[in-house]
Amino acid sequence: MLSISISVLFLTIAIAVVLALIVAGAAVALARWDNRSAAGAIIMGSVAFAGTLTLAFLLLSLVIGAGT
């Protein structure tokens, strides 16, 4: 069984959230650079944030599940 401490788990989740925020910010910046509306840029950023966070948690659960 994989022994992972709670602090490492929280640190990994925090890194995933920061990565998702960076990706969402990049998506908004790209949308604004492409002359999209502000609403379209917010939607693109939200989708990028949710997608990145979902992928990060899926990978985290895969890593944790692989150790058991």
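Is Asp34 partly exposed or buried? Select Asp34: its relative accessible area is 41%, so Asp34 is partly exposed. Here buried stands for under 20% relative accessible area, exposed for over 50%, and partly exposed for what lies in between, with a 1.4 Å probe and protein chains only.

Before moving on, note that this is a predicted model, in which local features need pLDDT of at least 70, side-chain atom pairs count only at pLDDT 80 or more, and totals for chains, interfaces and linings use all residues. Residues are numbered from 1 along each chain as its sequence is written, and side-chain values use heavy atoms, with hydrogens and water left out.

**The salt bridge and the loop**

The term requires a side-chain nitrogen of Lys or Arg within 4 Å of a carboxyl oxygen of Asp or Glu. The structure holds one salt bridge. Arg36 is partly exposed, at a relative accessible area of 45%.

Now select Asn35, in the loop between α1 and α2. Its phi is positive, near 60 degrees, and the residue is not glycine. With 70% relative accessibility, Asn35 counts as exposed. Asn35 follows α1.

**Helix α1**

Select residues 6-33, which make up helix α1. Helices are DSSP runs (H or I, at least four residues), as strands are (E, at least two), and the numbering starts from the N terminus. How far apart are the end C-alpha atoms of α1? They are 40 Å apart, which agrees with the 40 Å that its 28 residues should span at 1.5 Å a residue. The expected span is 1.5 Å times one less than the number of residues in the helix.

Colour Ala16, Ala20, Ala24, Ala27 and Ala31 within α1: these are buried. For contrast, pick Ile22, also found in α1, which counts as exposed at 55% relative accessibility. Draw a distance from the C-alpha atom of Ile22 to that of Phe49: they are 27 residues apart along the chain and separated by 8.4 Å.

At 22% relative accessibility, Leu9 counts as partly exposed. Leaving out residues up to four places away in sequence, Leu9 touches Leu60 and Ile64; contact means heavy atoms within 4.5 Å.

**Helix α2**

Which residues does Thr52 touch, not counting residues up to four places away in sequence? Select Thr52 in helix α2 and show its surroundings: Leu19, Ala20 and Val23 are in contact with Thr52. Thr52 counts as buried, at 17% relative accessibility. Its side chain also reaches the backbone oxygen of Ala48 at 2.8 Å. This is a polar contact, a pair of N or O atoms within 3.5 Å; within protein, one must be able to donate a hydrogen and the other to accept it, and residues adjacent in sequence count only if both atoms are side-chain atoms.

Leu62 lies in helix α2, residues 38-66, and counts as exposed at 57% relative accessibility. Leu59, also in α2, is partly exposed, with a relative accessible area of 48%. Finish with the C-alpha atoms of Leu59 and Ile6, which are separated by 17 Å and lie 53 residues apart along the chain.
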